[in-house]
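I opened this model to look up a few residues. My notes follow the display.

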Amino acid sequence: MADSEVESQSPEPGAAEEALFTPLDIVLFTFIVGLLVYWFLSRQKKEEIPEFKKLASVAPTVRETSFIEKMKKTNRNIVVFYGSQTGTAEEFSNRLAKDAQRYGMRGMSADPEEYDMSELSRLSEIDNSLAVFCVATYGEGDPTDNAQDFYDWLQETDAELEGVNYTVFALGNKTYEHYNAMGKYVDKRLAELGASRIFDLGMGDDDGNLEEDFVSWREQFWPAVCEHFGVEATGEESSIRQYELVLHTDINMNKVYTGELGRLKSFETQKPPFDSKNPFLALVSDNRKLNKGGSRHLMHVELDISSSKIRYDSGDHVAVYPINDASIVNKIGELLGVDLDTAISLNNLDEESNKKHPFPCPTTYRTALTHYLDITNPPRTNVLYELAQYATDPKEQETMRKMASSSPEGKALYHSWVLDSRRNILAILEDMQSLRPPIDHLCELMPRLQARYYSIASSSKVHPNTIHICAVVVEYETKTGRINRGVATNWLKNKVVTDNGHKSTVPMYVRKSQFRLPFKASNPVIMIGPGTGIAPFMGFIQERSWLKEQGKEVGETVLYYGCRYKSEDFLYQEELEEFEKAGVLTQLNVAFSRDQEHKVYVQHLLKKNKEHLWKLIHSENAHIYVCGDARNMARDVQTVFYEIGEEVGGLTRTQAVDYIKKLMTKGRYSGTLLPWGFRRRLEEA
């Protein structure tokens, strides 16, 4: 019977109960129940979403940050942490981790920035475990960028490190006031926290021979490790490859790195923030020669940062990523008989390693040798040792092995044949004619090409959209008659504003510095720097001029500047004289070292004005800034201030030394090297 017919009939006796459950009622009831169920379920989901997000945001990432769990999982018992700014400490760290295999142990190299260093106290959970720290000191006794968090943790922690075995190798330069400060601090602090030092602190000096210091320390370190843990060397001295070569015969070239340091195609689609792994491609807006004569080329380069959101302060450093000379790259390819445009990857044989490749992969041999590898500095002894096996002439193989050894004769040979003669890898391949290693092994062994740092020669108050660089182009003849050229300075020299219709670009980022103007503009400043040491002071003077224009009370601004000849290399002469006329520079003292028979340097001018200088320092809270060669000039300047303290201040030499040291502690006496520093100084010699 149809539903419409039922509804038209009168209800019969006893049909009242059925009326409560008519089909329409059932439909309505089902709909209401459905709504209730839907509401209840949707309410449950809404309550669960925030809880789910919360769980996701605090989910433990043990596998990513726990070096202890990683060591357990991969059966390692030695971890080598590195604090590295120029790549040398990282290189030493990799060598030590690799060494462990020769002693029946397993090591891993680790960046402290990637791990939770508070887990150091758990290292004792691993039998026969050891933590090694290869740490460089940067600037005025500072940790490197990647070791800053570790340094902060050491300062703040009260962790119990009893049962933790450790040793430290420090990298530094003894011409700095705070020689190897970071390494010394790590060594001392770990002992204070109860850790056990199993071998003496190693001291590497880049002013001497850093490689030799490391090799000498390393040769004593491993026997001490063997004795401590009761193990013996396996006697295995053959080359141990860290990476395996993969050739890409059919690959989409859009997926091949062409010089990027991090994200693929990062130079095509730029995204802030910009840092060491993600540099900004700055347009070159000016590039001019500063000196009027002489054989040298001193240049002023301006980089446009207007679209980058990069901010900087006077005294900061700009890091630029240069590329190697194409002629050197091509010659290496020719000597080794390879197609440099072959697409390759070098994959870490240790699948658990955080470092999957030695440089961004996949790429080509040409890109690796051009953008990623340091092929212009003399190679270290470990590179010679590994490459020696490929020399087919027994005499050449013996010579290479000798240079890589720790014997006095071997060290002397390495020093004279490699270092003093400034032989890079190309020169070695040319002079060792039987040496033809596989190019992939060569690429594995070569250290990474590092950024070059320059003091910024401008003030962001005056030039917010540009960063200025002042540098001398390096070019010199070696003892072998070859012409060596500084990688970065020659590359920058050729960065004309427009090149064949294309605008020149420079990959760069800003590194913050402690080299700062006083907080109170009314404090006098005394600036001392020869040659390109003028760079940060151009920024300081511009800023003091800007402050004066804003109506601020600006203290005396005194510059002591040194150059060779007034007619040739008086850098920024017109600008400095204008600042002097305007009263911004209250004193412009220039030492022209070679314009007269007897050489005159900035320290001689300081001595000449000793009474005025002492008044500024002792009575008016002046800040002193020194920029230049730490080995000679900076040391001589410091000695002059000691003498001023004695002669004008009436102090004893001991009191004068303490007085200047206190100024340094208070931040009133600051020094910075012309910032190629460490191994960069070797290149720019």
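This is a predicted model: local features need pLDDT of at least 70, side-chain atom pairs count only at pLDDT 80 or more; totals for chains, interfaces and linings use all residues.

Residues are numbered from 1 along each chain as its sequence is written, and side-chain values use heavy atoms, with hydrogens and water left out.

**Cysteines.** I looked for disulfides (a pair of cysteine sulfur atoms within 2.5 Å). I found 0 in the structure. C627 is in no disulfide, and its nearest cysteine sulfur, that of C470, lies 9.7 Å away. Next I checked burial (buried is under 20% relative accessible area, exposed over 50%, partly exposed in between; 1.4 Å probe, protein chains only). C627 counts as buried because its relative accessibility is 0%. C563 has 7%, so C563 is buried too.

**F592.** I placed F592 in strand β23, residues 587-592. Strands (E, at least two residues) and helices (H or I, at least four) are DSSP runs, numbered from the N terminus. F592 has a relative accessible area of 16%, so it is buried. I then listed contacts (heavy atoms within 4.5 Å). Leaving out residues up to four places away in sequence, F592 touches C563, R564, Y565, K566, F570 and V600.

**S93.** I found S93 in helix α6, residues 88-99. Is S93 buried or exposed? S93 is buried, because its relative accessibility is 0%. With residues up to four places away in sequence not counted, S93 touches V80, F81, Y82, S109, A110 and C134.
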